[in-house]
Amino acid sequence: MNDNELLAELLLPDIDKTPDYYENLFPTRNLGEGARVTRVAPSPTGYLHLGTLFTALVNRIAATTTSGVFFTRIEDTDKKREVEGGIENIIDGLNRFGITIDEGFISGSEETGIYGPYQQSKRAEIYQTYVKDLIKKGFAYPCFCTAEDLEAVRKVQEENKIRTGYHGEYAKHRNITYNEAKSLIESGKPFVIRLKSQGSEENKVIFEDMIKGKIEMPQNDEDFVLLKSDGIPTYHFAHAIDDHLMHTTHVMRGDEWISSTPKHIELFKLLGFKVPKYAHISPIMKLDNGAKRKISKRKDPEAAVHFFIEEGYEAISVIEYLMTIAASDFEDWRRANPDTDYKDFKFNFKKMSVSGALFDQNKLNDISKIKISKLNSSEFYQRVCSWAKEFNPSFYEILVKNPDYSKSVFAIDRDNADKPRKDIAKWNEVEDFYSYMFEELYKSEFELPENIQKSDAKAFLEKYSAVYDPNDDRRAWFDKIKEIAPELGFAADTKEYKANPENFKGSAGDLSTVLRLSITSRKNTPDLCSIMQVLGKEECFKRIENTIKVL
RNA sequence: GGCCCGGUGGUCAAGUGGCCUAAGACACCGCCCUUUCACGGCGGUAACACGAGUUCGAAUCUCGUCCGGGUCACCA
């Protein structure tokens with residue numbers, strides 16, 4: 001055995017497998033030509049983040065359009081940041097948003113696929129096997145520096161305006177001998193394993209990013225950490241090993257990774273792996289005091305995808321909004337194919353935005369309104385119930401008390417309407433929007449518009465209740481108002497009124513406003529005729545009589 | 001600060017040297033439709049960061065400046 005081999009045995013005595021073992025264990029995938037293998041690899045550090053959802057969606061759709069595979073992998077190599085139930089939060093979140101997972105973690109506790117385990121903390125032996133091999137080949141070595149040692153070096157570098165980091169002459173243990181290592185280990189000093197970088201700052205690495213195009217950077221020359229002192233790998237090393245063994249073809253991740261890509265490329269090459277294609281996704285930004293910045297977990301409630309669920313956005317609305325950000329041709333496609341499943345959209349890297357998009361709630365709302373406007377009353381009822389059950393129990397009680405009635409409320413201007421209402425963007429708007437339709441929520445409280453005299457309003461309401469017939473259709477309903485109008489000095493016809501406003505107190509439209517206020521206490525509502533039919537004659541008369549009394 | 005990436009209306013964006021007098025969508029404003037609102041229809045305000053070059057011709061190519069973002073860990 002030479003010194004490197006002795007060192008490898010000294011450092012990782014329990015590792016008895018070789019890389020070949022794993023190469024054979026995880027054979028190439030049998031997929032069609034051009035099929036992309038993508039993945040999302042979240043850390044279980046909390047709830048599902050908007051950016052993670054976005055990344056997952058893009059990876060998912062990129063795989064789908066080539067009949068490829070999309071898998072999940074849990075990057076739990078930092079136990080300090082790990083959160084109880086983190087895996088569940090994230091995977092359940094993805095499921096909730098309809099991101100189908102072919103392989104890896106498909107729920108908080110279930111894994112499928114033959115390339116596992118899909119959790120890095122369970123792969124320690126695999127990483128160590130490869131590290132051991134690297135040490136044998138002289139491409140890795142132990143480093144015994146403490147945090148303080150490293151900090152001291154950094155200070156010196158900063159003072160001398162030298163690029164900080166563990167590289168070149170600052171890589172203290174780069175040429176450590178077997179005997180030195182042996183005595184340090186025997187004295188119980190903890191150590192990490194570092195890469196013995198073969199790169200030089202003088203040379204360039206060039207790679208073709210699928211989204212950003214050609215990127216040219218100095219080669220990595222840093223002897224970065226491969227294995228932490230607890231024997232668990234860093235992200236960089238785990239990425240190289242896992243994506244190779246799992247045969248990922250396209251690594252699509254946040255663009256904060258661009259700057260470490262030279263590290264990854266060096267690793268892949270040194271390990272003898274094929275370098276995957278990289279696609280660096282721009283983050284979703286937010287406007288904060290006039291400045292653009294990445295949406296932050298800490299500061300922004302909408303960073304947690306759960307926020308949208310609580311607000312009552314349909315998962316599909318959020319997804320389609322994200323699709324418009326992900327692919328600039330998605331909106332055009334959606335217009336041409338209004339009812340096709342978004343999963344049938346053909347994703348193309350060239351149509352991905354190079355710079356980060358500002359999160360636009362207006363746009364989300366518009367997309368969401370369109371989605372909801374396509375629902376019929378039963379679907380609407382069913383969805384608003386499932387939302388309310390979880391987030392607004394008191395409203396839920398009201399809704400389910402009389403399902404048929406609730407549905408008839410939502411059917412107004414919706415079922416059989418050629419222009420269905422496009423007014424609700426999220427379910428938490430429903431209670432307030434329809435409050436006057438529910439006894440438990442309705443409060444009679446309004447002011448007459450200034451141009452209407454109380455006496456006229458009263459007279460109108462009295463005359464109207466004498467002729468109201470719930471069986472009247474919209475036309476007949478309004479005709480009756482028009483008939484009463486001239487008797488009170490109002491124009492029956494709006495045009496007539498507009499032509500000579502001085503001749504009238506107002507128009508039939510103003511009178512319908514009086515009725516609307518009396519019935520709903522609102523100036524604006526969906527079709528009043530339908531509202532009255534749904535409310536029922538008895539309730540309507542109760543409200544009208546009450547109005548007459550207080551006027 | 002070093003290294004990367006980016007910069008077209010308020011937002012998302014089309015644009016690959018002449019079809020640009022710069023598309024479309026969201027938002028905003030106006031008009032029409034109309035029992036109100038919403039929808040819908042029609043119209044409007046509003047942009048190539050700046051400066052040099054290359055070229056007959058530049059949003060598009062080059063360089064510089066400025067601005068924004070990312071990154072420089074035993075975090076991912």
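Helix H5 (residues 124-136) lies across E5, E6 and E9, at about 125° to E9. Contact here means heavy atoms within 4.5 Å, and the angle is taken between N-to-C directions on a scale from 0 to 180 degrees, with axes fitted to C-alpha atoms, for helices over the stretch in contact. This is a predicted model: local features need pLDDT of at least 70, side-chain atom pairs count only at pLDDT 80 or more, and totals for chains, interfaces and linings use all residues. Side-chain values use heavy atoms, with hydrogens and water left out, and residues are numbered from 1 along each chain as its sequence is written, with chains lettered from A and ligands numbered from 1 in the order in which they are written.

The sheet under discussion is open, has 3 strands in the order E5-E6-E9, and pairs antiparallel. Strands E5 (140-143) and E9 (225-227) sit at the edges with a single partner strand each, so one side of each has no neighbour in the sheet. From one strand to the next, the twist averages 45°. E6 (residues 192-195) is joined to E9 by 2 bridges, and Ile193 stands opposite Leu227 in E9. Pairing takes at least two DSSP bridges; helices (H or I, at least four residues) and strands (E, at least two) are DSSP runs numbered from the N terminus.

## Nonpolar cores

What has the most contacts inside the largest nonpolar core? Leu53 and Phe237 do, in a core of 98 residues. Helix H3 (residues 50-64) gives the largest share, 9 residues. A core is a set of buried Ala, Val, Leu, Ile, Met, Phe, Trp, Tyr and Cys residues joined through side-chain atoms within 4.5 Å, where buried means under 20% relative accessible area, exposed over 50% and partly exposed in between (1.4 Å probe, protein chains only).

Leaving aside residues up to four places away in sequence, Leu53 touches a set including Leu94, Phe97, Val305 and Leu322. Another core, of 53 residues, lies apart from the largest one and has Ala457 and Cys529 among them.

## The largest pocket

H3 turns up again here, with the largest share of the lining of the largest pocket, 5 residues. Among the 39 lining residues, Ala41, Ser43, Thr52, Glu256 and Trp257 are the closest to the centre. A pocket is an open set of points on a 1 Å grid over the protein atoms alone, where a 1.4 Å probe fits, with protein on both sides within 12 Å along at least five of seven lines; lining residues have an atom within 4 Å of a point.
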